[in-house]
Protein chains: 2
Amino acid sequence: MSDGAQFRQVSPVRLYQRIVEQIEQAIVRGDLKPGQRLPSERELVTQFGASRPTVREALRVLESDGLVRSRPGDPNGPEILPYSSAGLTKQMTRLVQFDNVSMAELISFRMILDGSASSLAARLRSEEELSAMERTIAVMSEAIEEGYEEFSKADVAFHEAVAVASRNSLIEVCNQVVRGAVLALISDKVAHAHNSAALMRESLRHHQEVLEAIRTGDGLAAARISRRKLYEYYAGYVPENERGPLLALVEDEES
Amino acid sequence: MSDGAQFRQVSPVRLYQRIVEQIEQAIVRGDLKPGQRLPSERELVTQFGASRPTVREALRVLESDGLVRSRPGDPNGPEILPYSSAGLTKQMTRLVQFDNVSMAELISFRMILDGSASSLAARLRSEEELSAMERTIAVMSEAIEEGYEEFSKADVAFHEAVAVASRNSLIEVCNQVVRGAVLALISDKVAHAHNSAALMRESLRHHQEVLEAIRTGDGLAAARISRRKLYEYYAGYVPENERGPLLALVEDEES
DNA sequence: GTGAGCTTACTGGTCAGGCCAGTGATAACG
DNA sequence: CGTTATCACTGGCCTGACCAGTAAGCTCAC
């Protein structure tokens, strides 16, 4: 083998991909800002020198990536969308569904994310963020009588508030996705199992403990309590012989 | 407002989206497994009762999501691809490029993931996995003289081995994605900055410490060292006034 | 002048049909 | 039996067309 030139693998690049790249980079570069409009499809046809089906394929890809949106009849052309984590969520959801990640892994990951979020929140939270958490706790408390539906909503809001206070949107997004995946997997069972006031009160108490740790800035405690709470809450859905990794996370901070 | 029926917001669903959904779900359900082939475009046209451009738009979206691949001339039709984290990486990279996620958040997230992976690996690793890590460390050691390129490859292999030993594929994939995103952002700078044998030896020593903690089963230490190592390695790329959250993670386990 | 309603030019969604350069199973060949 | 050439079919791309929407601008009554 010659040692002189290094050749990279080439792959045929479709026309529509070229178009996607150009528009994508224009957006990333900032030449196209959210709210601005792309030329109409027919105009793009002339600018790119491709046919309309080809241009449309490119637009469909950009649309599915959440970068633009086309509305039929809109004389202003496709709109550049503000960034949203929808695409990330979609991909992460696919990861969960596709790789058929086990329940144990999901919960383990949630313990890590939620624990880290609590820990960071304890150190970084502002007063406003703290009171936002307090409000969600208050709502949870009131929701106990209104049934699991409402309670669960407030529960999610609390975790969301903690994630926001962690100042890390990656944690926020991942946690959101994983939480959704977990709930989707057990929604049928959980509706009955946890629809008792006693269990909700127990859960509320746990949340209050986490909040207290965040208030006092004790990141270690916040993470530990958060993890243990999740373990107690969800371990029942994990086969016993798969609980090892979860217990490892619970015991981690204690010794 | 009537309390009887609940109506959801509707949005016009394009034909191509219907096709995407159907194929997507068939894949998620497992009716279509990686390696299997989709019918040809013209066949799909008859099956879905849509025109070829429409079917093609659907295929382009699926292709950009990394679910299928069409090759011109292939008489067997589009191929169902095995899962790949490429789509996730793309989305996460975009998330970062849009400046919605700072370098600090990325590295913070990496510290969390890598730290957790190390911690779990310390508790769960098998002997085989341990020796796999040892091998990558050995390769790193040898690669110091061959330049940063080789060294970096072995570095990645080590983290990959740790992630595998954590027995959590979510950590594995997410870590891989975040690592890729970080490297993509600083690849130009890092090539020069770290291409010194001294720095590589330093890095090697850190890795050995992590490995030692994993060997002895000390999850806490493994996580702590792993995090601090990442901090020292990457803090330079983070503006000083954004390093707070990172330091929070380093100091977390120490007090 | 001003608001309500209509017109109209244009948009995106979809379709039918066609050409071309590839691919690979298969049949013909040595 | 292995090789090679054929050829049906594939995906990539294009042209041209129709339709149902949208919203800007016009009209017109007030």
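Buried means under 20% relative accessible area, exposed means over 50%, and partly exposed covers what lies in between. Those words return throughout this report on a predicted model.

Start with B:Arg167. B:Arg167 has a relative accessible area of 41%, so this residue is partly exposed. B:Arg167 sits in the loop between helix H7 (148-165) and helix H8 (169-193) of chain B. The backbone here deserves a look. B:Arg167 has a positive phi of about 60 degrees, although it is not a glycine. Most residues other than glycine have a negative phi.

Now turn to chain A. A:Arg167 lies in the loop between helix H7 (148-165) and helix H8 (169-193) of chain A. Phi of A:Arg167 is near 65 degrees, a positive value in a residue other than glycine. Relative accessibility is 41%, so A:Arg167 counts as partly exposed.

A:Cys174 is in no disulfide, and the nearest cysteine sulfur, that of B:Cys174, is 4.8 Å away.

**A buried methionine**

A:Met111 belongs to helix H5 (residues 103-124) of chain A. A:Met111 counts as buried because its relative accessibility is 0%. Which residues does A:Met111 touch, not counting residues up to four places away in sequence? They are A:Arg227, A:Leu230, A:Tyr231, A:Leu246, A:Leu249 and A:Val250. Take A:Tyr231 as one of these. A:Met111 and A:Tyr231 are 120 residues apart along the chain, yet their C-alpha atoms are separated by 7.6 Å.

**An annotated domain**

For chain A, an unreviewed UniProt entry lists residues 13-83 as "domain: HTH gntR-type". In the model, the span of residues 13-83 of chain A is 51% helix and 6% strand. The end C-alpha atoms of this span lie 26 Å apart.

**Around DNA strand C**

DNA strand C is surrounded by 26 residues. The closest are A:Glu41, A:Arg42, A:Arg52, A:Arg56 and B:Thr54. Of the atoms of DNA strand C that come within 4 Å of the protein, sugar and phosphate account for 69%.

Which elements give two or more residues to the surface near DNA strand C? They are helix H2 (41-48) and H3 of chain A, together with H3 of chain B. The largest share, 3 residues, comes from H3(A). By class, the surface near DNA strand C divides into 7 nonpolar, 8 polar and 11 charged residues.

**Around DNA strand D**

There are 27 residues around DNA strand D. A:Thr54, B:Glu41, B:Arg42, B:Arg52 and B:Arg56 come nearest. Within 4 Å of the protein, 67% of the atoms of DNA strand D belong to sugar or phosphate, and the rest belong to bases.

The surface near DNA strand D has 8 nonpolar, 8 polar and 11 charged residues.

| Residue | Atom of the residue | DNA atom | Distance |
|---|---|---|---|
| A:Ser40 | polar side-chain atom | phosphate oxygen of DNA strand C | 2.8 Å |
| B:Arg14 | polar side-chain atom | phosphate oxygen of DNA strand C | 2.9 Å |
| B:Gly73 | polar backbone atom | sugar or linking oxygen of DNA strand C | 3.5 Å |
| A:Thr54 | side-chain N or O atom | phosphate oxygen of DNA strand D | 2.7 Å |
| B:Arg56 | polar side-chain atom | phosphate oxygen of DNA strand D | 2.9 Å |
| B:Gly73 | backbone N or O atom | base oxygen of DNA strand D | 3.4 Å |

Which elements give two or more residues to the surface near DNA strand D? Chain A supplies helix H3 (52-64), while chain B supplies helix H2 (41-48) and helix H3 (52-64).

How values were computed
Residues are numbered from 1 along each chain as its sequence is written. Chains are lettered from A and ligands numbered from 1 in the order in which they are written. This is a predicted model: local features need pLDDT of at least 70, side-chain atom pairs count only at pLDDT 80 or more; totals for chains, interfaces and linings use all residues. Side-chain values use heavy atoms; hydrogens and water are left out. A disulfide is a pair of cysteine sulfur atoms within 2.5 Å. A residue is near a molecule or strand if one of its heavy atoms lies within 4 Å of it. A polar contact is a pair of N or O atoms within 3.5 Å; within protein, one must be able to donate a hydrogen and the other to accept it, and residues adjacent in sequence count only if both atoms are side-chain atoms. Helices (H or I, at least four residues) and strands (E, at least two) are DSSP runs, numbered from the N terminus. Ala, Val, Leu, Ile, Met, Phe, Trp, Tyr, Cys and Pro count as nonpolar, Asp, Glu, Lys and Arg as charged, and the others, Gly among them, as polar. UniProt positions are given in the numbering used here, feature names are shortened, and annotations may be inferred rather than shown by experiment. Buried means under 20% relative accessible area, exposed over 50%, partly exposed in between (1.4 Å probe, protein chains only). Contact means heavy atoms within 4.5 Å.
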